[in-house]
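Try each task before you read its solution.

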Amino acid sequence: GHGEGRFLRMIMFGKPGAGKGTLSARLVKKYEIVSLSTGDLLRQHIAEKTEVGLLAKEIVAAGGLLPDDVMLKVVTSKLDKLYNKHWILDGFPRTLGQGKMLDEHLSRQGSPMSLVVNLDVPDDVILSRISDRWVHLPSGRVYNLSYNPPKVAGHDDETGEPLTKRPDDNPETFARRLEQFYQSTSPLLAYYSAKAASDASLKVATLAGRTSDEIWPQLEGVIRTHFSSVKERLDSKR
Ligand code: AP5
């Protein structure tokens, strides 16, 4: 069959608010996959006031991007422990420089990128979602007042702890984050498409939709078709 014994090495690619975190969490819940979100990692660094966190605090609050070399270290220190797992990267790479560094790092390990999922959601949909987003900072769990509200208003489903707004989810900062996406991040898509054209082991899948419910079945289809070695969790509740 297709893709047996091949590890999922996936990038969840898309604009801020496209649903990268929400769809990654859904895949991780149902399948034996782990996910690494650089946004969540940075928010933890900021909360713990680490060296990276002190650097990140203002940059993230302003909707800018951290330097490529800092991000590479943050990611690879976690990623190197996941060599025998199927994984998803959410929020990395975000520049051409990060993409090339990551490819070099993975090819040294003999386990190159195998899937790029491009979430294609219209800007007007994204803007309305951001104002409704609430997060549980310690876990990165994401809620939306209209789409996936918490069971108890204002509180995390699993810990009962209070939910907060992200400091970068105001309209001004969000506009800056979208601008960064178009300037620095979107060129990565052409880079991966060109790579996929000459490399049969890399697939690029663009999934379009106004809601994650339109995108989810497409996403599952891609995983099941191309990565038959990815198994459902025995305890997965559907
Ligand atoms: P990061 O946390 O990665 O932010 P982002 O890319 O802007 O992505 P978001 O987390 O905003 O959105 P998402 O696509 O995950 O959407 P979600 O699922 O939450 O990064 C934050 C900052 O860190 C960056 O700005 C930068 O400063 C820094 N940084 C991070 N990585 C970096 C890197 N590699 N290099 C340099 N700097 C870096 O969904 C959004 C909302 O929509 C939620 O409320 C959700 O509930 C809702 N929703 C989802 N699906 C639906 C649906 N079907 N219908 C209605 N609502 C829905």
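Rings of Phe, Tyr and Trp (its six-membered ring) pair if their centres lie within 6.5 Å; planes under 30 degrees apart count as stacked, over 60 as edge-to-face and the rest as tilted. This is a predicted model, where local features need pLDDT of at least 70, side-chain atom pairs count only at pLDDT 80 or more, and totals for chains, interfaces and linings use all residues. Residues are numbered from 1 along each chain as its sequence is written, and side-chain values use heavy atoms, leaving out hydrogens and water.

**Exercise 1.** Count the aromatic pairs and classify the one between Phe 13 and Phe 181.

Step 1: The rule gives three aromatic pairs.
Step 2: Phe 13 and Phe 181 are 5.8 Å apart centre to centre, with 50° between the planes, which makes the pair tilted.
Step 3: Phe 13 belongs to strand 1 (residues 9–14) and Phe 181 to helix 7 (residues 171–185), so their pair ties together parts 168 residues apart in sequence. Helices (H or I, at least four residues) and strands (E, at least two) are DSSP runs, numbered from the N terminus.
Step 4: Both Phe 13 and Phe 181 are buried, a word for under 20% relative accessible area with a 1.4 Å probe, protein chains only (exposed is over 50%, partly exposed in between).

**Exercise 2.** Classify the pair of Tyr 191 and Tyr 192.

Step 1: The centres are 5.1 Å apart and the planes make 65°.
Step 2: The pair is therefore edge-to-face.

**Exercise 3.** Which residues do ring pairs link into a cluster?

Step 1: The cluster holds Phe 13, Phe 181 and Tyr 182.
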